[in-house]
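This report goes through a single protein structure for a reader who has not seen it before. Please keep the sequence and the structure at hand while reading.

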Amino acid sequence: MLVNSSIPIYYQKKDRTTPPKAIIKCRKNHLTIINNSRYQKKIELLGADTYKQFILLRQSDLDIAYNGKTTIKINDEQQKVCL
């Protein structure tokens with residue numbers, strides 16, 4: 001009995017440039033996050049009494065109201081504090 005099998009191997013060329021970072025704008029209890037990247041981003045908003053998580057799809061933006069001091073984390077890397 002003869003068995004012939006194969007395993008597909010996929011290769012993706014690594015891009016040498018870093019993807020663009022999300023743009024964060026804070027204005028009078030209004031937050032705008034713009035994602036111009038080809039990749040989705042995980043957004044975490046941490047306030048004094050609130051914690052919210054969002055997924056920001058590629059090439060999209062998020063407009064949200066916030067109260068008080070809020071810390072924004074994007075993909076556990078980029079961080080900004082809005083007052």
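The text below takes up the sheets, the core, the disulfide and a few single residues in turn.

The model is a predicted one. One of its sheets is open and has 4 strands, arranged in the order β4-β3-β6-β7 with antiparallel pairing. The edge positions are held by β4 (51–56) and β7 (78–82); each has a single partner strand, so one side of each is left without a neighbour in the sheet. On average, neighbouring strands here are turned by 15° against each other, direction ignored.

Within this sheet, β6 covers residues 70–74 and runs antiparallel to β7, to which 5 bridges join it. Across this pair, Thr71 is placed opposite Val81 of β7.

A second open sheet is made of 3 strands in the order β1-β2-β5, and its pairing is antiparallel as well. Here β1 (23–27) and β5 are the edge strands; since each has a single partner strand, one side of each lacks a neighbour in the sheet. The twist from one strand to the next averages 10°.

The pairing of β1 with β2 is antiparallel and extends over 5 bridges. Ile24 faces Ile33 of β2 across the pair, and Cys26 stands opposite Leu31, also in β2. The hairpin formed by β1 and β2 has 2 residues between the strands, and Lys28 in this hairpin takes a positive phi near 40°.

## The nonpolar core

How many residues does the largest nonpolar core have? The number is 13, and the residues with the most contacts inside this core are Ile24, Leu31, Ile33, Ile43, Leu45, Ile72 and Ile74. At least two residues of the core come from each of β2 (30–35), β3, β5 (60–65) and β6.

Residues up to four places away in sequence aside, Ile43 touches Ile33, Lys52, Gln53, Phe54, Leu56, Ile72, Lys73 and Ile74.

## The disulfide

A search of the whole structure gives 1 disulfide. Its partners are Cys26 and Cys82, with sulfur atoms 1.6 Å apart. Cys26 belongs to strand β1 and Cys82 to strand β7, so the pair ties together parts that are 56 residues apart in sequence. A disulfide is a covalent bond between the sulfur atoms of two cysteines.

Are the two cysteines buried or exposed? Cys82 counts as buried, with 1% relative accessibility, while Cys26 is partly exposed at a relative accessible area of 28%.

## Glu44 in strand β3

Glu44 is part of strand β3, which spans residues 41–46. Its relative accessible area is 10%, so Glu44 is buried, the limit being under 20%. The side chain of Glu44 makes a polar contact with the side chain of Tyr51 at 2.8 Å. Another polar contact, at 3.4 Å, links the side chains of Glu44 and Lys42. With neighbours within four places in sequence left aside, the contacts of Glu44 are Tyr51, Lys52, Gln53, Thr71, Ile72, Lys73 and Asp76.

## Two loop residues

Ser37 is located in the loop between β2 and β3, and Arg58 in the loop between β4 and β5. Ser37 is buried, whereas Arg58 counts as exposed. The side chain of Ser37 reaches the backbone nitrogen of Tyr39 at 3.0 Å. Beyond its neighbours within four places in sequence, Ser37 is in contact with Pro19, Pro20, Arg58 and Gln59.

Arg58 in turn touches Asn35, Ser37, Arg38, Tyr39 and Gln40, not counting residues up to four places away in sequence.

The table gathers the accessibility of the residues discussed.

| Residue | Relative accessible area | Class |
|---|---|---|
| Cys26 | 28% | partly exposed |
| Ser37 | 1% | buried |
| Glu44 | 10% | buried |
| Arg58 | 57% | exposed |
| Cys82 | 1% | buried |

Notes
Residues numbered from 1 in each chain as written. Predicted model: local features only at pLDDT ≥ 70, side-chain atom pairs only at ≥ 80, totals over all residues. Heavy atoms only, no water. Pairing = 2+ DSSP bridges. Axes fitted to C-alpha atoms, helices over the stretch in contact; angles between N-to-C directions. Buried < 20%, exposed > 50% of the residue type's maximum accessible area, 1.4 Å probe, protein only. Polar contact = N/O pair within 3.5 Å; in protein donor to acceptor, adjacent residues only side chain to side chain. Contact = heavy atoms within 4.5 Å. Core = buried A, V, L, I, M, F, W, Y, C linked by side-chain atoms within 4.5 Å. Disulfide = S-S within 2.5 Å.
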